[in-house]
Amino acid sequence: MTNLYLAIPLLCLSTALLTGLFGKRIGPRGAHCINIAGVAIALLLSLLVYADVRGGHSFNGAIYTWAVSGGVPLRIGFMIDQLSAMMMVVVTFVSLMVHIYTIGYLANDPGYQRFFCYIAMFTFAMLMLVMANNFLQLFFAWELVGLVSYLLIGFWYERESAIFANLKAFLMNRVGDFGFLLGIAAILYLFGSLDYAVVFAGAAISDVQNAVTGFGEWQWTTIICLLLFVGAMGKSAQIPLHGWLPDSMEGPTPISALIHAATMVTAGIFMVARMSPLFELSETALSVVLIVGASTAILMALVGLVQYDIKRVVAYSTLSQLGYMTAALGASAYQVAIFHLGTHAFFKALLFLAAGSVIISMHHEQDMRKMGGLRAIMPITYLTAAVGSFALAGIPPFSGFFSKDAVIEAVRHSRLWGAGYAYAMLLLGVFVTAFYSFRLLFMTFHGSSRAPEATRRRMHESPGVVVWPMVALAVPSLVVGVLFFEPMLNGSLFGDAIHIAPRHDVVAQWAVAYQGQSGVWLILAMVWHSLLSAPFWLAVAGIVFAWYCYCKNTALPSKLAAASGPIYPLLQNQYGFDWFYQNVFANPSVRLAGLLSARIDVGLVDGVLVNGVARLVGRCSAVVRTMQTGLTYHYAFAMIIGLFGLVTWIAWL
Amino acid sequence: MNFASLNAAAARAEIFLAVAACAILLLGVYGDQARRAARCYGLSLVALVIAALLNGLDFSAANGSAFNHMFIADPMAKLLKIAICVLSAAAFVYGRQYNRHRGIFESEYYVLGLFAVTGMLVMASANHLLTLYLGLELMSLCLYAMIAYYRDDRLATEAAMKYFVLGALASSMLLYGMSLLYGFTGSLQLSVISSVLTADAATAAQPQAAIALAVVFIVVALAFKLGVAPFHMWVPDVYHGAPTSTTAFLSAAPKIAAFAITMRLIVGGLNALPDIWQQMLILLALLSVAIGNIIAIAQRNLKRMLAYSTVAHMGFFLFGIASGNAPGYSAALFYVLIYALMGLGAFGVILMLARPEYEADQLADLKGLSKRNPWLAFLLLLLMLSMAGLPPTVGFFAKLAVIHALVQSGLLWVAVLAVLLAVIGAFYYLRVIKLVYFDQPPSADPATAAQTTTTITEGDIAVSPAAILLLSCNVLAIIALLPWIHYLIAICNEVIRRFAV
């Protein structure tokens, strides 16, 4: 079995290397053939592993010891349990769909092979991340996905805006990673090990509950969890480290689907779920997670209302949904967070691919104000996008309904500090989510076309390689919720992979309501119950309102915007985060760097220290070489002097 | 005394080589000039290879001794002898074409070389002051002659003369030190000297002045032979003045032999008196690394630059011995072997570049070499990186081992200084790379210019592919050995562990 585990990431790595090194030789066709074959086999093997794990065979062990430093072994190892096996399936499935989709999306792009090399490398890194059994490997994969993300956002590196966006993503992630690294350092300091199993076992018994010297009331667990969560905030784009994700839409759309919606950005969610034994020990940290998640969910959803770029709407919806997942983590409902992560991966990847399909058809026009009426031209894209929107809005029986309802219910049952605020925000978020997702659908596909005549004549449904992955993603967007709701509710979905303290177990409290029901009856009871509760009606209200604004009375939105006073510009400027970062951190840093470069580096280090020393040595050299006169008796004299000096020295000693 | 106690089999390599040299001398009398030189050249190579094999065959056998313990065959001696034979043979191969162009491709040159090697082998095995001195003089006298062999050249004769005069001075110092040692201990046998001194050190608080004086004289003489500052003055002149083929020969095997007698005398004979020699060696090593590296910067002649680099390298390996512990000796052994490999390779490259009437020994000659001869340029790049001690090369590990030994014996400040001085050295090595790869070649290629002005036919000029191949193996070894580096270090450790005291 170990070889099987190893084969899954290594398949992707080897195809990545093959494409990267020999891209020219194998050609575009060869590139997509071997990469798709690689990831398809990886998907099959992952399914095999998942089935095996569901059968009760989990694995935790080291595969390879890279080095031993200071008594700490640095290892590559795998922890294969229900959590990681499920993530492996999600990652390889979405990755496979995106691989296929790319054939159509990037046809004739000069960077075709390079793109395949990157996404295969990404799949490798993401698999290593979810399969890790120690913090070192987690960190290495964490950085590697970040690197690939950087490379892919800047895939069209001639574009000024792409370069800006990838730099921004990289720098913001550095902030998060710094916290993450400090957290790992604290763990190593406290537990003396980087192995998950050792750390979790130690967390239960050791003195990590003790207060940290110099930090007042703060416990070690709180410090560690908060630092780790800073890392998660960077990777999963939580406020205030969220700014890079909307800009990351500069990358090709398949990447937005794979990396910036379905997988990489959920690494933070996954990591916190993986660290559940640590987070369970600190209510302070959980409260922070809950509040940050809920705030991200509502604030980003609101920004999504005012966007016109089709990809940006989906990007803000991703931010908002990540906020939902984070809120679920904060409520100790880790399985709910991962459940939502899974359903979201499918329907959000679907929405991105649908947006990409529209963009292909519109000849790389992304402004929704220039779309409209695409329903007739692109029926399959429309249908799949509708599936995605229903799932996103949370309408039964689409998958998003189950997972989002579960998140809201979990937060409702939470007794943590801030849970009331979080619940209110999430409820409000349901309305906003439904509104902006259907705003997108109506603006793009309904009404009459606002595209220029030239574009309109050439519009057509996208080719098969683009459409089929969307259909393949629409199916899980429909059914995953129904299939996995029950095991999620009764806790059998992840088994021992996550750990929840009994007093935090909100899902168990919620499940009490459905005691004794199972199978179809459970689903029906759940749907029935929700028909009588607020979230469902808020979602319906959102959809109806969107319909009214964008199909019926199309003048209303601009009137509302004008009437809103300062709110509309505030949303347009995304609350001024970008302005703040640019003016408080970025610009002064650049100025300081310029100063240091000119004065310290060029002036002092290069001028005085480096070149100065070099000049000094050169002068010494010129002086000392004159001792070499070429006269034999001088040489002999030097020898005698040397001898005399040594004898004197020894005698003197 | 009977013949069984002579145990001459232990010295079979030396005996074989001496006999072979005599035979080749006789064979070199017959036939016409060109043919007998070629014959002697070939036979010399065969003799050297056989001598290496004779040592290699029973490498791991127990320590043996011959001639009433005047001669000892321990693993260190065998290892060094193999290196001496192989490197000398390689030096002959590299220099063949060069010698032919300068009319010094004669049988006697190779006979002298063989006798020099015999001397070096004796030095490696010396366990007696007289054996040691005998080997040293045999080697030195042959080397003087080899340097002066290009007798039409003013620089070569001047270099030989200087080397001879100063060498005689050093020999006299060595003899004086030995006589004091003999007077004090009553023996010429190194193991007896060692035990007498140990017993003496155990009883007396302070070693006597006479013995301290003996140590100083011996150290000075060794410093001269190693070419360590301030007794290094002969090195640049000799390296520069000697025909490059001889310089190549001089740069490899004699350094190993000098290391051998340093080990025999200092560690084998004077091991009871580390207080006296350790400080001295550190001082000499520091001076050497500093002076060698600093003056090398100002050189315009490649051979002279490499000569100063040798001074620095010899100082560096002396740090290993100065650290006064087994890891240090092992590191020094490793360093000197690696250095011999690198030094020979560097002069080999110059030999390959040289043409009739064109020595290729000016730094300016290297400009744009990467475009004229990419392969040799690459080899030179590797050599310079290794000499500078940059990580992917063996040269780095040699330096690392020495520094490690210094730190282990608590000489942290020396280690810091050594590293700083090595950084200065990196400058001129990297400058060579800059010249080779980044500078534009001079408008008229001196090599082709030299070719067009001489009347020698093309076939005569071409360097033999075998020589290039051997040189490539030699140079590539400094990077190809990397995966097995810990075996090499382990061998050095083992050799030092079994070093016969």
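The stops below pass from the interface to a salt bridge, then to helix pairs and to points of the backbone.

**Before starting**

This is a predicted model, in which local features need pLDDT of at least 70 and side-chain atom pairs count only at pLDDT 80 or more, while totals for chains, interfaces and linings use all residues. Residues are numbered from 1 along each chain as its sequence is written, chains are lettered from A and ligands numbered from 1 in the order in which they are written, and side-chain values use heavy atoms, with hydrogens and water left out.

**Stop 1: the interface**

Select chain A and chain B in two colours. The size of an interface is often given as the accessible area lost when the parts come together. Here chain A and chain B bury about 2,400 Å² between them, and 81% of this lies on carbon and sulfur atoms. Buried area is the accessible area (1.4 Å probe) that two parts lose on being put together, summed over both. Now select Q628(A), M639(A) and L646(A): on the chain A side these residues lose the most area to chain B, and together they account for 26% of what that side buries. The contact (heavy atoms within 4.5 Å) draws 21 residues from chain A and 34 residues from chain B.

How many salt bridges are there between chain A and chain B? The count is zero, where a salt bridge is a side-chain nitrogen of Lys or Arg within 4 Å of a carboxyl oxygen of Asp or Glu. Over all chains, the count by this rule comes to 23.

**Stop 2: a salt bridge in chain A**

Select D81(A) and R274(A), whose side chains meet in a salt bridge at 2.8 Å, N to O. D81(A) lies in the loop between β2 (72–80) and α2 of chain A, and R274(A) in helix α10 (residues 267–274) of chain A, so the pair ties together parts that are 193 residues apart in sequence. Helices (H or I, at least four residues) and strands (E, at least two) are DSSP runs, numbered from the N terminus.

**Stop 3: α2 and α9 of chain A**

Select residues 82–105 of chain A, which form helix α2, and residues 253–262 of chain A, which form helix α9; their axes come within 8 Å and cross at roughly 160°. Axes are lines fitted to C-alpha atoms, for helices over the stretch in contact, and angles run from 0 to 180 degrees between N-to-C directions. The two helices are therefore roughly antiparallel; angles under 35 degrees count as roughly parallel, over 145 as roughly antiparallel, 65 to 115 as roughly perpendicular and the rest as oblique. Among the residues that meet are V94(A) and Y101(A) in α2(A), and P254(A) and L258(A) in α9(A). By class, this contact of α2(A) with α9(A) has eight nonpolar, three polar and no charged residues. Ala, Val, Leu, Ile, Met, Phe, Trp, Tyr, Cys and Pro count as nonpolar, Asp, Glu, Lys and Arg as charged, and the others, Gly among them, as polar.

**Stop 4: α7 and α8 of chain B**

Move to residues 154–185 (helix α7) and residues 190–203 (helix α8) of chain B, which pack at an angle of about 60° with their axes 10 Å apart. α7(B) and α8(B) are therefore oblique to each other. Show L181(B), F184(B) and T185(B) of α7(B) with I193(B), V196(B), L197(B) and D200(B) of α8(B), the residues that make the contact.

**Stop 5: points of the backbone in chain A**

Select I239(A) and P240(A): the peptide bond from the former to the latter is cis, with omega near 5°. P240(A) lies in the loop between α7 (220–235) and α8 (244–247) of chain A. Next, P396(A) and P397(A) are joined by a cis peptide bond with omega about 5°. P397(A) has its place in the loop between α16 (379–393) and α17 (399–413) of chain A.
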